[in-house]
Amino acid sequence: MSALEPTTPSAPQRARWAWRPYALTLPALLLLVTVIGYPLLTIVLRSLSEPQWGLQNYAWFFGAPVNLTVLQRTFTISAWVTVVCVLCAYPYAYLMTAVGPRVRLILVLCVLIPFWVSGVVRTLSWVILLQDSGVINSLLRSAGFDGVRLIRTQTGVVIGMAQVLLPFMILPLYSVMKGIDLRLVQAARSLGARPSRAFFTVYLPLSLPGVYAGAIIVFILALGFYITPALLGGPRSTMLSTLVQTQVLSLLQWGRGGAMGVVLLVATFVLLALAAPVMRSRHREAGRR
Amino acid sequence: MEMKPLTRLILGLVCLLVAIWLVAPTLVVVPMSFNENKSLAFPPQGFSWQWYQNFATNPEWSTSFLNSLKVASLVAVLATVLGTLAAFGLDRMKARPANLLRMLMLTPMVVPGVVLAIGIYAVYLDAQLVGTLTGFVLAHTILALPFVLIAVSANLEVFDRRLETAAASLGAGALTTFRTVTLPLILPGILSGLLFAFATSFDEIVVSLFITNPYLKTLPVQIFSSITRDADPTVAAVGTILLCATTILIGGGMLLLGRERKGRL
């Protein structure tokens with residue numbers, strides 16, 4: 001759109017055109033304020049004002065052991081999902097950098113296709129696979145492990161969530177690993193380091209920014225997960241999102257539901273703020289190179 | 001990086017397992033969709049097309065599918081227009097306000113779905129937008145906007161603005177410059193933004209579950225309520241159809257891209 005600008009604006013002209021970029025972002029900002037900003041504000045206000053003004057809803061939330069258990073469980077499940085994702089994504093992303101273009105295309109497709117398949121359908125597949133009469137249980141039974149329960153357990157939820165979130169770990173990790181100069185590893189080797197030592201002292205530290213970036217994204221997305229725990233989980237694997245939904249839709253407790261939502265929101269933004277310096281320093285390093 | 005043969009073997013095996021874990025589970029819907037019995041128990045029995053017929057003829061399923069197509073198409077257009085305008089604006093701003101505004105516009109990606117959903121639900125209850133097309137389109141557009149912004153911004157970053165100057169210096173008017181120089185060069189970004197916006201809306205479930213009502217359901221909502229209600233293999237048939245559609249879209253896109261690249265070389 002700056003095509004509309006004169007080619008070499010003189011100073012007063014430049015001042016006249018300076019508002020134009022802001023005008024271009026205005027429609028998007030307007031929608032952002034009405035469809036995100038105003039609703040979030042409403043929730044914060046309701047958490048403070050229903051039934052009366054005050055912090056009662058927060059006191060209730062942090063006072064009831066049930067809620068604290070769910071809060072703690074939400075963090076535990078998210079942490080497990082993150083760990084599983086890191087462990088699976090690291091070798092996978094590394095292999096993506098080490099193979100030829102054809103194999104890499106296949107590996108990329110394996111990441112992207114599930115990324116594109118509807119999340120509800122993927123969760124449905126997990127319901128079919130993990131149910132008591134499902135594939136995995138029949139396999140386990142024929143191997144002699146009878147009565148293993150997967151659906152409606154935390155293990156089931158972690159398996160399903162990690163699969164849905166794995167691409168968010170693999171892609172940033174791959175983009176960092178792609179940029180690592182392998183001659184540094186060779187240099188370490190030529191100076192007498194064993195392959196494992198060269199890996200742990202040279203390659204691993206260089207790839208850590210990718211691990212951080214991916215882990216933060218996965219953890220944050222996992223905290224707010226709703227569909228997978230709702231379908232794969234049982235009463236003993238309820239996460240915070242489900243609790244929010246129950247308070248608002250079933251019990252019509254907007255204040256309490258809102259307070260829980262605000263806790264979730266604050267946790268997310270605190271984590272993002274903690275992650276921001278790490279990510280920024282990574283950008284700076286990339287710029288220096 | 002050099003590796004011992006054993007390490008290489010283990011690495012290959014682990015990655016094979018991860019690849020299977022990523023792709024295989026989703027494929028389980030394919031055999032389930034041809035089940036003769038009304039159950040989702042594995043293994044499926046017999047063979048029948050009845051669940052596909054059910055999807056096509058049962059108004060609950062076909063209407064929700066059409067609703068999703070309608071909403072997603074509108075969202076794709078709206079989000080692409082708004083996102084592209086915003087990306088241009090941010091590209092031509094000073095760095096500091098641009099970074100701040102960009103961060104603000106990406107917030108829909110990180111706000112937990114349920115929190116956003118109850119907020120939008122509260123506002124929609126007051127504005128009587130629950131279960132309306134406008135309500136769905138507005139909510140999905142804001143969720144799709146970040147993807148368009150990212151796609152178009154990435155393209156603008158590598159776009160050489162001197163080309164615009166060159167066109168203008170050769171006498172092209174502002175609109176001509178935009179139509180013949182800028183637009184063709186950033187079109188890939190706009191198109192992939194469009195596709196992402198469509199997919200985001202077509203797949204959106206959390207906010208949709210809250211702002212839906214019996215008069216307007218989208219496909220994911222219908223799938224979700226079907227899974228929670230009973231074991232109807234129609235969901236497997238729908239899953240199979242979506243799986244095929246996605247694969248054809250991605251495969252076609254890759255082939256097109258590959259041919260274009262080859263053509264350029």
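Axes are lines fitted to C-alpha atoms, for helices over the stretch in contact, and angles between them run from 0 to 180 degrees between N-to-C directions. In this predicted model, helix α4 (residues 59-91) of chain B packs against helix α11 (residues 219-229) of chain B at an angle of about 145°, and the two axes are 7 Å apart. On α4(B), the contact is formed by B:E60, B:W61, B:S64, B:F65 and B:S68, and on α11(B) by B:L219, B:V221 and B:Q222. These residues comprise 4 nonpolar, 3 polar and 1 charged.

Between the chains, 72 residues of chain A are in contact with 73 residues of chain B. Helix α2 (residues 20-49) of chain A supplies the largest share of the chain A side, 16 residues. By class, that side of chain A consists of 52 nonpolar, 18 polar and 2 charged residues.

The largest nonpolar core contains 153 residues, of which A:L165, A:V218 and B:I120 touch the most other members. Helix α8 (residues 154-178) of chain A contributes the largest share of this core, 16 residues. Not counting residues up to four places away in sequence, B:I120 touches A:V35 and A:P39 in chain A, and B:A139, B:V207, B:F210 and B:I211 in chain B.

A:L223 lies in helix α10 (residues 195-223) of chain A. This residue is buried because 22 other C-beta atoms lie within 10 Å, the cut-off being 20 or more. Apart from neighbours within four places in sequence, A:L223 is in contact with A:T74, A:S78, A:L264, A:A267, A:T268 and B:P112. A:T74 is 149 residues from A:L223 along the chain, yet their C-alpha atoms are separated by 6.3 Å.

Notes. Residues numbered from 1 in each chain as written. Chains lettered and ligands numbered in written order. Predicted model: local features only at pLDDT ≥ 70, side-chain atom pairs only at ≥ 80, totals over all residues. Contact = placed C-beta atoms within 7 Å. Helix = DSSP H or I, 4+ residues; strand = E, 2+ residues; numbered from the N terminus. Nonpolar A, V, L, I, M, F, W, Y, C, P; charged D, E, K, R; others polar. Core = buried A, V, L, I, M, F, W, Y, C linked by C-beta atoms within 7 Å. Buried ≥ 20, exposed ≤ 12 C-beta atoms within 10 Å, placed from the backbone.
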